[in-house]
Every structure is written in structure tokens, then in C-alpha cells.
2 protein chains.
Amino acid sequence: MPVPPRPVTIPSLDLLQLRRTCRACALHDLCLPASIGPEELGALDAIVRARRPLDRGQVLFAGGTRFQALYVVRSGSFKTTLAANNGEEQVLGFHLPGEVIGFDALADDVHRCNAEALERSSVCEVPFAQIDEFATRVPGLYHQLMRIASREVVRDHEHLAMMGRKQAQERLAVFLRNLSERYRALHRAPDLIELSMSRHELANYLGLVVETASRLFTRFEEAGVLSVNRKQIRILDFARLDDFAGEPPPSCERAAG
Amino acid sequence: MPVPPRPVTIPSLDLLQLRRTCRACALHDLCLPASIGPEELGALDAIVRARRPLDRGQVLFAGGTRFQALYVVRSGSFKTTLAANNGEEQVLGFHLPGEVIGFDALADDVHRCNAEALERSSVCEVPFAQIDEFATRVPGLYHQLMRIASREVVRDHEHLAMMGRKQAQERLAVFLRNLSERYRALHRAPDLIELSMSRHELANYLGLVVETASRLFTRFEEAGVLSVNRKQIRILDFARLDDFAGEPPPSCERAAG
DNA sequence: CGTGTCGTTGAGGTCGCTCAACACCAGTGG
DNA sequence: CCACTGGTGTTGAGCGACCTCAACGACACG
């Protein structure tokens, strides 16, 4: 094909990525900048660094390595995993754009889990030493950091409740509904889910084996709740999905509590 | 007995409790004061309030209520639980002296879990608005707060890995070894464990039913690993307990990672 | 001594795991 | 073009760990 060689195009694409600011970011109000003034935003831009995109399978950080920065998912998705000493691995979470990962490393300045890209993904790197120093001068930033850390705790608690008390079918239903809600928060179609993780990773997250997860997808499809095509999931019947989940949707939670 | 009536004794005992300072506290270096200077300790004492002791079953805070303070266990023990909408409850953790509870409420200023005393217990109440204001003037205090929140995340991740990938027997073994380590950190005998929670609460924490937990205690006793007398547990063979736990003790963890 | 709670033990059922085979797809090389 | 290969996902058969249901013992309390 008569296309001239373009040796500069790909790096310049990266530079474009690198130049994006917090102010212009679509994730503006989900991320760190939420609740800090517009004049501090510029200073935040000077701290936050965009890293070059990671491909599927590339690790953002590994357990045991020294903690230096928090990361905010900008595009794509990640999984965090905890390795047991017997070689087994537990998937702790899947992370979509706007979510911050790395909080578990603050305890003793060492990453305790692994973070790995599930697809081609980009992150903002937030060097902790600098954000720490910056936060002493910006009232509210520390509070916001702790709020975000607290969200992680809440998320883990819900994950724990799911693992401890729910059956396989309920777990998958809860997961899909949860993912759908997160899609909605990102202004994506909540009924059209593109799974970025493999069945194995998904099953592991749910505390199941692949075969069980696979059978559940089939069962949901036969029940007319989902339409499943490999990693393309479409939710056809939210009400019945809630039934499968075994409890009312989270919107009722406040009222019931 | 010729002892004069003492109507003031019990309240004065409470006052004694109330008067104890962070400086004099035995939990000094496990708690908030760790890593802040001695002169700020006095100011911290002015913020921290001791609450009157709670009896078994009394709730420290309930899910859905407004977040006002973090709590540090001073004596006794607590459980935190998350209620599902179907009436089920998941035990999220057991909390010994020196541990801080309530971090999950920072996300949106509402407690998301319940905290309940497992025995007669006392706590220090740390009003968050005041510690928040104080922390802006004391460098390092916020950092310490985040470190403690991060420890909670690490703890939950380990709990998750246990629930997701381990069998019943391994779960109980891991739990007992973990409890033993925490006893050691509190300078208690690590082989002599006094369980403050019921079998039901323990089983729930492990994602099992009471009967299974009970059978496991019997099995461990028959194997000569434990001596079990209701809530009095003595660990007779740490090495075998580690075998049952299915992986090397946490002291090897750093090296393996 | 009756009552209630808690913990233990037994019998039986079942959900999810194990093991195994197969379908599907992409990439590779003849 | 097709065979071959490896990775991923689905399906089936059988089994076992854990749950369910039920009864009983130990202990505290009135």
C-alpha cells in the first residue's frame, strides 16, 4: 500500500497522552481533583505524570516492590491480585477508569498485591512523596485521599460478604450488576458489558473455578437474562438479574439500612 | 465484712479510665501516637475521649448512622459486621486492643458496617472533625492515619484470599495462627487463646457454618494440634498448625514475595 | 428443676470441584 | 488452501467437601 513510513506518529500519540491535564480530564470529578479548588489543579498537574500505555499482561506494580506512587486508571482496566505462598493467586479486584490503586502499599511502603493490565491501558502516576508534601498545603486533599482509601475498604467489605454468604449464581449476578453500575457512572451503556478479564480471572475473583462460571453464563443465557458472546455480555433483564443476585439492588440499600 | 459503703467507687473507676492519657497508654506505639512527637501527644490527649465501657452485645456504632469518630479498641474486643438486605450478616473482622475501627465510614460520612462488643470492652473515641483539623498542623499524623487505613485494606485482602481459595480446615488454621500472632504483638501468651466470639460468629467470619467449625476444632484436637475447652484454646503444635494452614507462616512471606 | 443458649455429633443431601473431552478461534507454516 | 498448534471457553460425568436438618449434652439463669 502506498502509505509513507511514519516513524514519529506513534511517539507523538504518546506525547498527546502525556500532555493531557487533570483539568481537561474526563474523569475530573471521580478522581483526586474532586473537592479541591481550580487554582490547586494546576499544581496537581505538575505532580501527576502520565505513564506510557501498558499492554495486556504487563504489570503496573508487583507485590514486594517498593511503594513510590499511587496510580489512577485513565483508560482500559486492571486487575489486582494477591499471591499466596503455595502459588495460588486471588484476584482482589478489577479496576476501571477513575479508580485509584495502590493504597494497600501505604501500610509499610511496600506493595502487597500485584496490579496487571487486562487490556491496553493507561494510568496517571501520582508520586506519593510529592502528593504527601502537596497535601500539607492544600486543605481537603488529604481528606479526599482518605475518602478514596475508605472506598476501597467498603468495596472489599462487599466483596467479602459476597464470598462468605452467597452462592455461585448470586455471586455472578452481583458482579454483573455491580459492573453495570460502574459502567453507568462512566457514562457507558449499562446493559452492554465488554469483559476485559478472562473467564479464569473472573471465576477466581468470585471464588469459583472456570467451569462453574462458564456454566452460570450458559444458565443466565438460557434464562433470557443475558446474551453472551464470548466477552460481549448484554444484560437483557435487569429485574431478573436482581432476583438472581438474591437481594434488592444497591439503590434500595440506604432505605433498608 | 467491715467495709464502708462506697457509692463513688464505680464512677471513679470510670473516671480513672477517662483520665488515662495517650502518653501513659500501654498501646502507645500501636496506636495513633506512633510517629508523632511527644509535645503533640498532649494535644492528642485533649482530642481523644474515653467512652464508658461497653458490655457484650452493645453496639459501638451501627451501619447507616452518621460518621463522627474513629474508635481505638483499648481493652476487650469487637466484631464488625456487614448486613445484607436479606437479613444475613457477614462478620468482617475481630478487633483487639490497639486496632482502629470505623475507616469504612470516611467514604461518605456514613458508617457502612456495625461494630459490636464481644465482651466487656472499652474504646478511645477520636472525633474525626477534630483529628482532621489537628492533623493539618501536625505533619505526619495524616500519614499515620492513612497507614492505619491501609493496614485495614491489607487485612481485608488477606481475608479475601482466605475465603476465595482455601478449604475450611485451612481457614481455621490460618485464623488461629493469625490470632496467635496478634496476641504476641500484645505481649500475651501466643499459645493460650481465649476466644471472645461465639462459634457462630467465628464460623461466619470464616465463611462456614457452625457445625463445620465445631467439627474442625474436634479434628484439630484429635490431631494433637490444639487443646480445646469451650472458648479456651491452647495451641500445642505450631508447626502442624502451619501445615494445616497450607502455607508457610507469614514470617517467610517477605522472602517469598 | 425447667428453660434457653451454645456447642457438639450424626445422617443425608447437594452445590460446586475435579477430571476429561471437545468446540472455537487465531496464528503459523507447509 | 489446509493441517497443526496452543489458548480459551464450553460441556459432561462423577465425586467429595461442606451444608442442612435433627438430636443431644453442657452450662447459665431464673
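I looked up the buried area between chain B and chain A first: it is about 4500 Å², counted as the accessible area (1.4 Å probe) that two parts lose on being put together, summed over both. Carbon and sulfur atoms give 62% of that area.

I noted that this is a predicted model, where local features need pLDDT of at least 70, side-chain atom pairs count only at pLDDT 80 or more, and totals for chains, interfaces and linings use all residues. Residues are numbered from 1 along each chain as its sequence is written, chains are lettered from A in the order in which they are written, and side-chain values use heavy atoms, without hydrogens and water.

Next I looked up contacts (heavy atoms within 4.5 Å). I found 47 residues of chain B in contact with 48 residues of chain A.

I then checked salt bridges (a side-chain nitrogen of Lys or Arg within 4 Å of a carboxyl oxygen of Asp or Glu). There are two between chain B and chain A. E88(A) and R165(B) form a salt bridge through their side chains, at 3.4 Å from N to O.

I turned to the elements, where helices (H or I, at least four residues) and strands (E, at least two) are DSSP runs numbered from the N terminus. On the side of chain B that touches chain A, β5 (89-95), α3 (128-135), α4 (141-165) and α9 (253-256) of chain B each give two or more residues. The largest share, 19 residues, comes from α4(B).

Last, I looked at a sheet in chain B, where strands pair if DSSP finds at least two bridges between them. Four strands form an open antiparallel sheet in the order β1-β8-β3-β6. β1 (49-50) and β6 (100-101) of chain B are at the edges with a single partner strand each, so one side of each has no neighbour in the sheet. β1(B) pairs with β8(B) (residues 122-127) over two bridges, and A50(B) stands opposite C124(B).
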